[in-house]
Amino acid sequence: MDYANILVSADLGEAALDRMRLAAGLARRFAATLTGAAAHPVPAPLLVRDVYDAVAQEQRNTAQVQTILEQAQALFRRAGTEGIGTDWRAGFADAVTHVIETARAADLVVLSRRGPGDADPGPLGVPPGPVLMEAGRPVLVVPPGLASLTGSRIVIAWRDGPAARRAVSAALPFLRAADRVHVATVGADARPDGADDVAGHLARHGAHVAVHHLQTEEDAGSEILRFALRQDADLIATGAYGHSRLREWMFGGVTRDLLERSPRCCLMSH
């Protein structure tokens, strides 16, 4: 697994520039192309008097949306993209749908955390949950205020299954270069043999791995976050779990905790 193309969403929110700088740093590190993506639908004309008024409104609305997209592109160009290959994909479409569609040609998607206390990114903002569950690509969720990621100490929150296995494969470029990798299971019902097998697999890739079986009387998400902080990890890799209800994604406890409140970057795969 290598990263040849990294996709980052572009918006005008407070976290946007830091997120795009982090993505640009990863593109430089992995010799990847950095693709910026932004989209907003053109509002339909309202209370039109006649066909000429409808056309005039459509033109005004299109120009307004185009201005917003150009502002996002200008911010993308300011994100330390000098010396790396870049691409820009803008569209008159729903922002989430646009990123999901653009992700078909990406190896990694970089998005901002969207917790209850996080700033509203505005109309171009893309929450990580739907992209994570629908794009078929690993998503790197970045908390506000982070403009770089080293990945020197990585925690793998291991729960054996396809999602966790895909997350480990997606994180291999980071895992190979990390100073230390911690494979952690949580709870009495965790399968320690799976964690040991994964540690052996990563060791064959050259990773420096330790296995931990964590016990807690609290929720598993909080324990994973505490463990990551104790290990001074700057990246958590894990599978994502959820289901769709009335076109809204409902997430499992650990996935929800990481998506909404992790102070560390999370590389997640569904």
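This is a predicted model: local features need pLDDT of at least 70, side-chain atom pairs count only at pLDDT 80 or more; totals for chains, interfaces and linings use all residues.
A residue is called buried when its relative accessible area is under 20%, exposed when that area is over 50%, and partly exposed in between.

**Helix α2: length and buried residues**
- The 27 residues of α2 should span 39 Å at 1.5 Å a residue, and this agrees with the end C-alpha atoms of the helix, which lie 39 Å apart.
- The residues of α2 that count as buried are D53, Q57, N61, V65, L69, A72, L75 and F76.
- Among the elements that cover these buried residues of α2 are the strands β1 (5-9), β2 (33-39) and β3 (86-91), together with the helix α1 (16-29).

**Cysteines**
- A disulfide is a covalent bond that joins the sulfur atoms of two cysteines.
- The structure holds zero disulfides, and C265 shows one case in which the distance is too far for a bond, because its sulfur is 7.5 Å from the closest cysteine sulfur, that of C266, whereas a disulfide needs the two sulfur atoms to be within 2.5 Å.
- C266 is likewise in no disulfide, with the sulfur of C265 as its nearest cysteine sulfur.
- C265 counts as buried at 0% relative accessibility, and C266 is buried with a relative accessible area of 1%.

Key
Residues are numbered from 1 along each chain as its sequence is written. Side-chain values use heavy atoms; hydrogens and water are left out. Helices (H or I, at least four residues) and strands (E, at least two) are DSSP runs, numbered from the N terminus. The expected span of a helix is 1.5 Å times one less than its number of residues. Buried means under 20% relative accessible area, exposed over 50%, partly exposed in between (1.4 Å probe, protein chains only). Contact means heavy atoms within 4.5 Å.
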